[in-house]
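Biologist: I have just opened this one and have not looked at it before. Can you walk me through it?
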Amino acid sequence: MKPLNDQTSEYLCAIIISNRYLNLYKEESIKAMEELSSRRQNGDNFDYETFIDNKLKDLPDLNFNVGLSSDSLLDSESIS
């Protein structure tokens with residue numbers, strides 16, 4: 001993988017989005033945010049906050065509920 005300072009702003013945003021959406025790449029996400037901030041301080045006008053927010057809004061809600069409770073798994077009527 002290329003160093004973060006060689007990556008596009010969109011790629012850096014993808015790292016941050018992966019962290020916020022799937023809780024992946026925590027350290028890389030921090031470094032990506034630092035790189036985007038540094039670029040802004042050096043005159044880059046890429047609106048990464050809006051870019052990230054819009055991409056996150058486009059993603060579906062994650063729902064890891066199976067729909068079964070432990071009570072229904074142990075209910076004798078449901079076993080028979």
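Biologist: Let's start with one residue. Is Asn23 buried or exposed?

Modeller: This is a predicted model, so bear that in mind throughout. In it, Asn23 counts as exposed, because its relative accessibility is 66% and the cut-off for exposed is over 50%.

Biologist: Where does Asn23 lie?

Modeller: Asn23 is in the loop between H1 and H2, just after H1.

Biologist: And what is the phi of Asn23?

Modeller: Its phi is positive, about 60°, although Asn23 is not a glycine. Most residues other than glycine have a negative phi.

Biologist: What about Tyr25, what is its phi?

Modeller: Tyr25 also has a positive phi, near 60°, and is a residue other than glycine. Tyr25 sits in the loop between H1 and H2.

Biologist: How exposed is Tyr25?

Modeller: Tyr25 has a relative accessible area of 48%, so it is partly exposed.

Biologist: Let me step back. How many helices and strands are in the protein chain?

Modeller: There are five helices and zero strands. Along the sequence the pattern reads α-α-α-α-α.

Biologist: How much of the chain is buried?

Modeller: Of the 80 residues in the protein chain, 21% are buried. The chain exposes about 6300 Å², and carbon and sulfur atoms supply 50% of that.

Biologist: Which residues of H1 are buried?

Modeller: The buried residues of H1 are Ser9, Leu12, Cys13, Ile15, Ile16, Ile17 and Asn19.

Biologist: What covers them?

Modeller: The cover includes helix H2, residues 26-41, and helix H3, residues 48-58.

Biologist: Why does Ser9 count as buried?

Modeller: Ser9 counts as buried because its relative accessible area is 9%, and buried means under 20%. Leaving out residues up to four places away in sequence, Ser9 touches Leu36, Arg39, Asp44 and Phe46.

Biologist: On to packing. At what angle do H1 and H3 pack?

Modeller: The angle between H1 and H3 is about 50°, and their axes are 10 Å apart. That angle makes H1 oblique to H3. The crossing of these two helices is right-handed.

Biologist: Which residues meet there?

Modeller: H1 contributes Glu10, Cys13, Ile16, Ile17, Arg20 and Tyr21. On the H3 side are Tyr48, Phe51, Ile52, Asp53, Lys55 and Leu56. Cys13, Ile16 and Ile17 are also among the buried residues of H1.

Biologist: And how do H2 and H3 pack, at what angle?

Modeller: H2 and H3 pack at about 140°, with axes 11 Å apart. That makes H2 oblique to H3, because roughly antiparallel would need an angle over 145 degrees.

Biologist: Which residues of H2 and H3 meet?

Modeller: Met33, Leu36, Ser37 and Arg40 of H2 meet Tyr48, Glu49 and Ile52 of H3. Tyr48 and Ile52 also meet residues of H1, and Leu36 is one of the residues that Ser9 touches.

How values were computed:
Residues are numbered from 1 along each chain as its sequence is written. This is a predicted model: local features need pLDDT of at least 70, side-chain atom pairs count only at pLDDT 80 or more; totals for chains, interfaces and linings use all residues. Side-chain values use heavy atoms; hydrogens and water are left out. Helices (H or I, at least four residues) and strands (E, at least two) are DSSP runs, numbered from the N terminus. Buried means under 20% relative accessible area, exposed over 50%, partly exposed in between (1.4 Å probe, protein chains only). Accessible areas come from the Shrake-Rupley method with a 1.4 Å probe; for residues, only the protein chains shown count as cover. Contact means heavy atoms within 4.5 Å. Axes are lines fitted to C-alpha atoms, for helices over the stretch in contact, and angles run from 0 to 180 degrees between N-to-C directions. Angles under 35 degrees count as roughly parallel, over 145 as roughly antiparallel, 65 to 115 as roughly perpendicular and the rest as oblique. A crossing is left-handed if the near helix is turned anticlockwise from the far one by less than a right angle, and right-handed if clockwise.
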